[in-house]
Amino acid sequence: MADNIDISVVIPTLDNPDALGKVISKLNKQTILPSEIIVSDSSSGNEIENLVRETNSKIKTVYLRQGRAYKYDRFIIKLKYLIFGKKSLPIEKSGRTYPYEATNLGAHKAKSEWLAFLDTTTMPEDLWLENSCNILKKQ
């Protein structure tokens, strides 16, 4: 059963192409490969998109743009709250998305029966998906 489980791996990301490259590399070394990797990006530039397009992966990798950050956006919003107070300021939404929003978009676009979630600071061990599939098999 573990060999034919259909899994999409969803990775939200923000301005960290080096770390994302390492995660994609680790996913390509899994003993059971996922059907697809979905990268949901709200970075300020195009480095993540370029990385996804240029990476030679055994696994289909889907790039999704989810908002666009601008430099110091959340810092500026927090500073406004400190100066003006929460009650006098309307809630502002920055250009970037929060990780849960990016994760939800990736999950929505996934085509597999099962979903697995990582972020760019989590390096999966080579047996990560196989061990997860074995747990599913016992259920």
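These are my notebook entries on what I looked up in this structure, which is a predicted model.

**Entry 1: overall layout**

I began with the secondary structure, and I found that the protein comes to five helices and four strands. Read from the N terminus on, the elements run β-α-β-α-β-α-α-β-α. I then turned to burial, where I noted that 38% of the 139 residues in the protein are buried. The protein exposes about 8,600 Å², of which carbon and sulfur atoms supply 54%. For contacts between residues at least 6 apart in sequence, I noted that 76% join residues at least 24 apart.

**Entry 2: confidence**

Which elements have the lowest and the highest mean pLDDT? The lowest mean, 70, belongs to α3, while the highest, 97, belongs to helix α1, which covers residues 17-27. I also marked residues 88-92, over which pLDDT stays under 50, and for this stretch the model has eight contacts beyond four places in sequence.

In helix α4, which covers residues 99-109, I found Glu101, Ala102, Thr103, Leu105 and Gly106 to be buried. What covers the buried residues of α4? The cover includes β1 (7-13), β2 (36-41), β3 and β4 (114-117).

I then looked at Gln66, which lies in the loop between β3 (60-65) and α3 (73-84). Gln66 counts as buried because its relative accessibility is 18%, and the cut-off for buried is under 20%. Not counting residues up to four places away in sequence, Gln66 touches Ser40, Asp41, Ser42, Thr97, Glu101, Ala102 and Leu105.

**Entry 3: salt bridges**

How many salt bridges does the structure hold? I found three salt bridges, and I took them one by one.

In one of them, Asp126 pairs with Lys26, with the closest N and O atoms 3.6 Å apart. This pair links distant parts of the chain, since Asp126 sits in the loop between β4 and α5 and Lys26 in helix α1, 100 residues apart. Asp126 counts as partly exposed at 33% relative accessibility, and Lys26 is partly exposed with a relative accessible area of 23%.

Another joins Asp41 and Arg65, whose closest N and O atoms are 3.7 Å apart. Here too the pair links distant parts of the chain, with Asp41 in strand β2 and Arg65 in strand β3, 24 residues apart. Asp41 is buried, with a relative accessible area of 0%, whereas Arg65 is partly exposed at 29%.

In the remaining salt bridge, Arg53 pairs with Glu49, and the closest N and O atoms are 2.6 Å apart. The two residues are four apart in helix α2, so about one helical turn separates Arg53 and Glu49. Arg53 counts as exposed at 65% relative accessibility, whereas Glu49 is buried with a relative accessible area of 18%.

**Entry 4: a nonpolar patch on the surface**

Finally I looked for nonpolar side chains on the surface, and I found a patch formed by Leu79, Leu82, Ile83 and Phe84, with about 460 Å² of accessible area together. Ile83 is found in helix α3, and I noted again that α3 has the lowest mean pLDDT (70) among the elements of the protein. Is Ile83 buried or exposed? Ile83 counts as exposed because its relative accessibility is 57%, and the cut-off for exposed is over 50%.

Terms used. Residues are numbered from 1 along each chain as its sequence is written. This is a predicted model: local features need pLDDT of at least 70, side-chain atom pairs count only at pLDDT 80 or more; totals for chains, interfaces and linings use all residues. Side-chain values use heavy atoms; hydrogens and water are left out. Buried means under 20% relative accessible area, exposed over 50%, partly exposed in between (1.4 Å probe, protein chains only). Contact means heavy atoms within 4.5 Å. Patches are made of residues with over 30% relative accessible area and no salt bridge: like charges are joined within 9 Å, nonpolar side chains (Val, Leu, Ile, Met, Phe, Trp, Tyr) within 5 Å. Accessible areas come from the Shrake-Rupley method with a 1.4 Å probe; for residues, only the protein chains shown count as cover. A salt bridge is a side-chain nitrogen of Lys or Arg within 4 Å of a carboxyl oxygen of Asp or Glu. pLDDT is the predictor's confidence in each residue, from 0 to 100.
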